[in-house]
Amino acid sequence: FNCGKQVILRQPVPRISHMVDDRMEAAKEYDSNDELSTSERRVVDYQDNPTQLFVFINHQDWHGARDYVEKEPDEASIWISSTRGMLFEYSPLHIACQNSNRDGVADLIDSLVCAYPEATSSPD
């Protein structure tokens, strides 16, 4: 695994309840001054304007999502939100980690960390 950054990834924690797994803790090769505050995040509504990456993830197409983020890495930094019903705001990495026990998700998480390592230290 090599994404051009000094990111050391360990095996994911198998329990979904651990939202911060070893991958997130290990991805520390970025300048924290470049980190976006929550008010500066690029956010789209998942119902009105979902990203293509979110569509792949929402349909649990982990391999399609991985391939897509490798072609369009900028989309890994666009957060998904809901302003109706259950309110939330997640990065694609947060959503992938919630599904970390599924086949194919580990490769997607690797690609998301490479594309947008800042998500590893951003709360949802």
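User: Is Phe54 buried or exposed?
Analyst: Phe54 has a relative accessible area of 10%, and the classes used are buried under 20%, exposed over 50% and partly exposed in between, with a 1.4 Å probe and protein chains only. The model is predicted, with local features requiring pLDDT of at least 70 and side-chain atom pairs pLDDT 80 or more, while totals for chains, interfaces and linings use all residues. Residues are numbered from 1 along each chain as its sequence is written, and side-chain values use heavy atoms, without hydrogens and water. With its 10%, Phe54 therefore counts as buried.

User: What kind of aromatic pair do Tyr46 and Phe54 make?
Analyst: The whole structure holds 4 aromatic pairs, where rings of Phe, Tyr and Trp (its six-membered ring) pair if their centres lie within 6.5 Å, and planes under 30 degrees apart are stacked, over 60 edge-to-face and the rest tilted. For Tyr46 and Phe54 the ring centres are 6.1 Å apart and the planes stand at 75°, so this pair is edge-to-face.

User: Which class of accessibility does Tyr46 fall into?
Analyst: Whereas Phe54 is buried, its ring partner Tyr46 has a relative accessibility of 29%. Because of that value, Tyr46 is classed as partly exposed.

User: How many residues apart in sequence are the parts tied together by Tyr46 and Phe88?
Analyst: Tyr46 and Phe88 form a tilted aromatic pair, with 5.4 Å from centre to centre and 45° between the planes. Tyr46 sits in the loop between strand 1 and helix 2, whereas Phe88 belongs to strand 3; helices (H or I, at least four residues) and strands (E, at least two) are DSSP runs numbered from the N terminus. The parts that this pair ties together are therefore separated in sequence by 42 residues.

User: Which residue of strand 2 is the bridge partner of Asp45?
Analyst: Along the parallel pairing of strand 1 and strand 2, Arg42 has Ile78 as its bridge partner. For Asp45, the bridge partner in strand 2 is Ser81.

User: How many residues of strand 2 are buried?
Analyst: Ile78, Ile80 and Ser82 point one way from strand 2, while Trp79 and Ser81 point the other way, and all are buried. In a regular strand, side chains alternate between the two faces of the sheet. The number of buried residues in strand 2, which is mostly covered, is 5 of 5.

User: Which residue takes a positive phi in the hairpin of strand 2 and strand 3?
Analyst: Within the antiparallel pairing of strand 2 and strand 3, Ser82 stands opposite Phe88. The hairpin has 5 residues between the strands, and the residue with a positive phi near 65° is Gly85.

How values were computed
Two strands pair if DSSP finds at least two bridges between them.
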